[in-house]
Structure formats: C-alpha cells, structure tokens
Amino acid sequence: MKALVAAALVFSGPPALAQTPTPQEAKPLEPGREALAISYEKYALPNGLEVILSVDRKLPVVAVNIWYHVGAYHEQPGRTGFAHLFEHMMFQGSRNVADDVHIARLEQLGATDLNGTTSFDRTNYFETVPSNHLETALWLESDRMGFLLDAITPEKLETQREVVKNERRESIETAPYGAAREKAWHALFPLPHPYHGDVIGSMKDLNAANVDDVKDFFRKWYAPSNATLAIVGDFDVAKTKALVEKYFGTLPSHARPQRPEVAPVNLTAPVVLREEERVARLPLLSIQWLTPAYLEEGDATADVLATALSTGKASRLYRRLVLDKELAQSVSATQQSQGAQSVFSVDVVARPGVSTDTLLHEVDAVLDEVRQQGIIPEEIARARTRYDTRTLAGLQSVGGFGGKADVLQSYNHFVGEPNYVAQDLARYESVTPEAVKQFAQDTLRPGARVILHAVPPARRQAPLDSKERH
C-alpha cells in the first residue's frame, strides 16, 4: 500500500478525536414500518465536515458517499455548468493521486457503484469497496477534497471542457426533443433564476471558463464545511472515526457559503412554444407547471397524481390516449422534485398523423375530470405501494445512486435528519382524493403553465377542425 504511506506523509499527525454525540435514537414508527428505521450516528469535525456513520453487516462491503452542498442552483449567471464540470475534474487526479488513476485504483480494489452525479441542489461522489479497503477510499476522497487545486492545469480543464461539451451535444443538442425541452425549461425559470441554466451548462459559459474561475469556484464550495461524508456498511466504528480524523481532520476550512435567496417563479399566463423538431420523427407535446419544492406540502400529492395519470395500463392518460383513442405512442407524467421549486410534467409522443393540438385537448379533458372529481382511493393506494416498494428496494443496497448511503445524505441535505424515510413515506399516507382534486385545481391551472409543441417538419400541425383520429 505505497500510496497510503505516501498519503500519510501529507497530513500532520492526527489531532485528538473530536467529541461526538451518542448515536441518535430512532423515532417511533407505525406498526409495519420497523424496516424503514436506519440506525446512524452523525457528528462534525472541527473543520465543519459532517460525518454520518451507519453500520450494516449484511455484506463485507462499505459505501463511501460524499455530498458537496453545491449544484447548478449556486452558480452565477455567465458561469453555469461549473458544478457538473467538477464532477469530471474530481476524477482527474490530485496532489498525491496521478492523473486519471482514481477510478482505476478503486476498481483494482474491487470497488463497485463508483461514480459522481450533479443536480441543481448538490454534487455527490460515491463508491462501494470491500471492507478491508475502506482506508484507501477515504484517502482518495480526502486528497481530492483538500488537494485537487494542486493538480488542475489549463490542459486538464480544456480536456474536460471538451468532454462536457460533447456530453451536452449528446444529451441536448442532438437528442430527440433536447433543444426544444431546453427552451421550455428556460421559459419555466426565466433569468435571473438560478434554475434557468442547465445543470450541464451552456456552450457559451463552458467556453468562457478559465482556470482561475474554476479554482475560485472550488475554493468557495468544496471545503469540508460544505460537505457531508456518509459511511455505510460493514466497518468498525471506532477505527473508522480515527480514519476520518486522520484523512479529513487536518484539511483547512472556512465558513460555509450561504445558499442563494431566490424568490419563487410565479407564472401568471400560459406560455406556448412551437418548435420545429429536427431529430425525433414524431411530434411531442410537453406541458409543465411549477409546483412545491421537495418534501413541501403538495409534493407528495403531485407524485400520487403523476402515478395515477401515467403509471401502468390502467392509468388515466395511458388508457385514454394510448389504448382507447390510439392517439399516442407513449405518455408520462412526473413530479420532478427539487430543492427550490419543483416541476410537474406531462409528456405525450403522438402517433403518426396526430397533431399535438389534439393531444392537448385530450390531456386537458383528463385533467378537467381530476379537477372536478379527484381520483379514487384505489389509485392512491397503488401510488403508495409503488413508493413503498421503490424505497425499500433502494435500501437493500448500502451504496450506489439511491442506496442507503445516498438516502441518508439526501434527507440530511434537505431536512437535516438522515433517518427521515418513514416520515417521507408517511406523506403519501395523508394524500386523499380531495387533496389531489385541490392540487389539480390550484396548481395545475391552464393559465399557469408552459406548453411545448415539438413537431418535425414532415408533421406540421394540422388545424383542429381537420380530420384526425379521435
């Protein structure tokens, strides 16, 4: 383990271990919810790094998961895409890790679930390693947290800039409906709202970024005081605390930067976009509304309604548009929950010869039924079962995107309580047909939405009174 020996020389002798609180007691749960309790301990190092420890001895592996509390929401106009750019830069080497060997070194140890992701609200990096290699994983994470800037060069920046630009081309500019969806998103969140920019950034901003910009962004947001380290799996608690102190305790820090204060967007009139689609061959209708933020009142109601509208062949939009009237190739409804403001979307891909205006008419008819009558208890029960099953399935794994470590991180980030899963699922228990009806009336209003018609040139819109399949 030469790398570990070399790394140890970088850090001064480990300071005395910080005093930590006793493990937090799990909150009382409803009968049948005992499996949702996650035992954990949470404490902070003197430099501000939050640490969450959760022992799970099902397998001899440990998940190491770091969240930096920075995403596209925290970027400045004209400097978008930096958080996502660092998702790439963080794997390119640091002071004591050679260029492009971070991933290879972990894979040689048998690491799995090795990746990083970026959202509007946070950036995370994670890997699952055999228990006996936990120290190596912690060293690698600490070296790039504390010493990434030592290895950033104009050449590395240029390489990763081109990688990200190509990723943008594939995911937006040459993807089916990608450019049109981006315009709809910009209409939902006009400037200067920080959600206006894509997580991946714009070509203009990526081209404008220089090494000094990138380093300044890292210094501000990637300090221990703005990060949380979760360790979940088969490990010795006392030894792991000593390792955390050894590799992270001496990293310098500063005051945690403040989250931007931004007023919610309020659409007061419908925005209609008609875009010529040059990639996909079939027309797309996409309707979007601004909705309550993640975990706020109404967020779970939106989830339930989205499930009732489009999940399964018995769902309302699927049954009407795909099965009964045969107007659509596919239909989906989603609540994209986010930290500042969420988005409820209905997307319908038309069958050949069907216009998006006809689809809009049919979608509005279904939504009018919900506004007038709500949905039935059986639809709510199906949605609850879906979210219970999905959550429990995720908790079976200690690591990876959506695994136990990620779940603890997410709740800690948004509500400050890692063991919030039971309370989260309890939100769905309180959703009623009347609540769904009220949500559709108050939030999914025809006069407060963005409507996107993305139509290929060969499928130009026909007038509503033309002969179509109904």
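**View 1. Pro-192 in the loop between helix 6 and helix 7.** Pro-192 sits in the loop that links helix 6 (178-188) to helix 7 (203-208). Helices here are DSSP runs of H or I with at least four residues, strands are E runs of at least two, and both are numbered from the N terminus. The Leu-191 to Pro-192 peptide bond is cis, with omega near 10°. Bear in mind that this is a predicted model, where local features need pLDDT of at least 70, side-chain atom pairs count only at pLDDT 80 or more, and totals for chains, interfaces and linings use all residues. Residues are numbered from 1 along each chain as its sequence is written, and side-chain values use heavy atoms, leaving out hydrogens and water.

**View 2. Tyr-177, a positive phi in a loop.** Look between helix 5 (154-173) and helix 6 for the loop holding Tyr-177. Tyr-177 isn't a glycine, yet its phi is positive, about 65°. With 9% relative accessibility, Tyr-177 counts as buried (under 20% relative accessible area; exposed is over 50%, partly exposed in between, with a 1.4 Å probe and protein chains only).

**View 3. Asp-113, a positive phi in a strand.** Asp-113 belongs to strand 4 (residues 112-118). Its phi is positive too, about 50°, and Asp-113 is no glycine either. At 38% relative accessibility, Asp-113 is partly exposed.

View 4. Six strands line up in the order 1-2-6-3-5-4, with mixed pairing; two strands pair if DSSP finds at least two bridges between them. Strand 1 (41-44) and strand 4 are the edges, each pairing on one side only. Strand 3 (residues 61-68) and strand 6 (residues 227-233) run antiparallel, joined by seven bridges. Val-64 stands opposite Ile-231 of strand 6.
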